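I opened this file to record the secondary structure, the sheet and the pockets. My entries follow in the order in which I looked things up.

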Amino acid sequence: MHLKRLTALALATCCIASVTPAIADTVSAPQALDQSATLLLTDLPVFAPATALAQSTVPDFASLAAPKTAESAPAGDDVALSDDGDDDGDSLVAAATARLAGHVDGHAREALLAFAMKLRDIRYHRGGRKPSTGFDCSGFVRYVFQHSIGLDLPTNSASQFLAGLKIKRSEMKTGDLVFFRTRGKAISHVGIYIDNGQFIHSPSAGKTVRVDSLNEAYWSKHFAGAKRPEGIAKI
């Protein structure tokens, strides 16, 4: 009985010994597979979301918020006023006109008078419209308004009289226009009122732009009234 058990045990031991290498080979197969897979995966590109986002191009907020420069301005936009060097100062007129768009500067009257005073002693010239040629009365007035505050007035004294708003002599302010009838009943002369009865104008042939008084006998006799250009009516 004991012999049979010993024999069976010996056979079992032999079987186990013979089967173990096969099991070992079977178990090592997955390890080889893991090594192959590892080699395969190392050859593939690594997907790293954080690195990819860091390397991507993101618009800089400061560059988006920064104002456009002249180089980046769309074609057709005006970047600056052109200056063609014309004696009439077209660029100055354009700048003044832009300032007056929709409103009139509270200092317009002062600016107008200061500009007019700089033109004193320029000679009278019939039909003259600029300093280089000389002024007649209406040419002087028109030049001052146009180049000091960008306001266009009619080209002659009679038209300037019709275009203005009538005001009383006691209500005249700096920059208002004073008119005269020096030849018959028609308006034939104009000047710019200063203050205290004084006005600046381009009188006549042989004379220059100067300041005179409405109280002088000649001007008092021919005074036809005062008008206020609509462009400065509210100041």
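**Chain overview**

I counted eight helices and eight strands in the chain; both are DSSP runs numbered from the N terminus, helices being H or I of at least four residues and strands E of at least two. I note that the model is predicted, that local features need pLDDT of at least 70 and side-chain atom pairs pLDDT 80 or more, and that totals for chains, interfaces and linings use all residues. Residues are numbered from 1 along each chain as its sequence is written, and side-chain values use heavy atoms, with hydrogens and water left out.

I looked up burial next: of the 235 residues of the chain, 30% count as buried (under 20% relative accessible area, with exposed over 50% and partly exposed in between; 1.4 Å probe, protein chains only). Among contacts (heavy atoms within 4.5 Å) between residues at least 6 apart in sequence, 54% join residues at least 24 apart.

**Sheet**

I traced an open sheet of six strands, antiparallel in its pairing, in the order S3-S8-S4-S5-S6-S7; two strands pair if DSSP finds at least two bridges between them. S3 (165–167) and S7 (210–213) each have a single partner strand, so one side of each edge strand lacks a neighbour in the sheet. Neighbouring strands are turned by 40° against each other on average, direction ignored (axes are lines fitted to C-alpha atoms, for helices over the stretch in contact; angles run from 0 to 180 degrees between N-to-C directions).

I then examined S4 (residues 177–180). Four bridges join S4 to S8, running antiparallel, and Leu-177 stands opposite Lys-227 in S8. Leu-177 and Phe-179 point one way from S4, Val-178 and Phe-180 the other, and all are buried. S4 also pairs with S5 (residues 189–195) in the antiparallel sense over four bridges, where Phe-180 stands opposite His-189 in S5.

Which strands does H5 touch? I found that H5 (residues 108–117) packs on the sheet against S5, S6 (198–201), S7 and S8 (223–228), its direction making about 115° with that of S5. H6 (residues 137–149) packs on the sheet too, touching S4, S5 and S6, at about 45° to S5.

**Largest pocket**

I recorded a volume of about 340 Å³ for the largest pocket. Of its 17 lining residues, the closest to the centre are Tyr-124, Arg-183, Ser-188, His-189 and Pro-203. A pocket, on a 1 Å grid over the protein atoms alone, is an open set of points where a 1.4 Å probe fits, with protein on both sides within 12 Å along at least five of seven lines; lining residues have an atom within 4 Å of a point. Its volume is the space filled by probe spheres set on the points, joined across faces, edges and corners.
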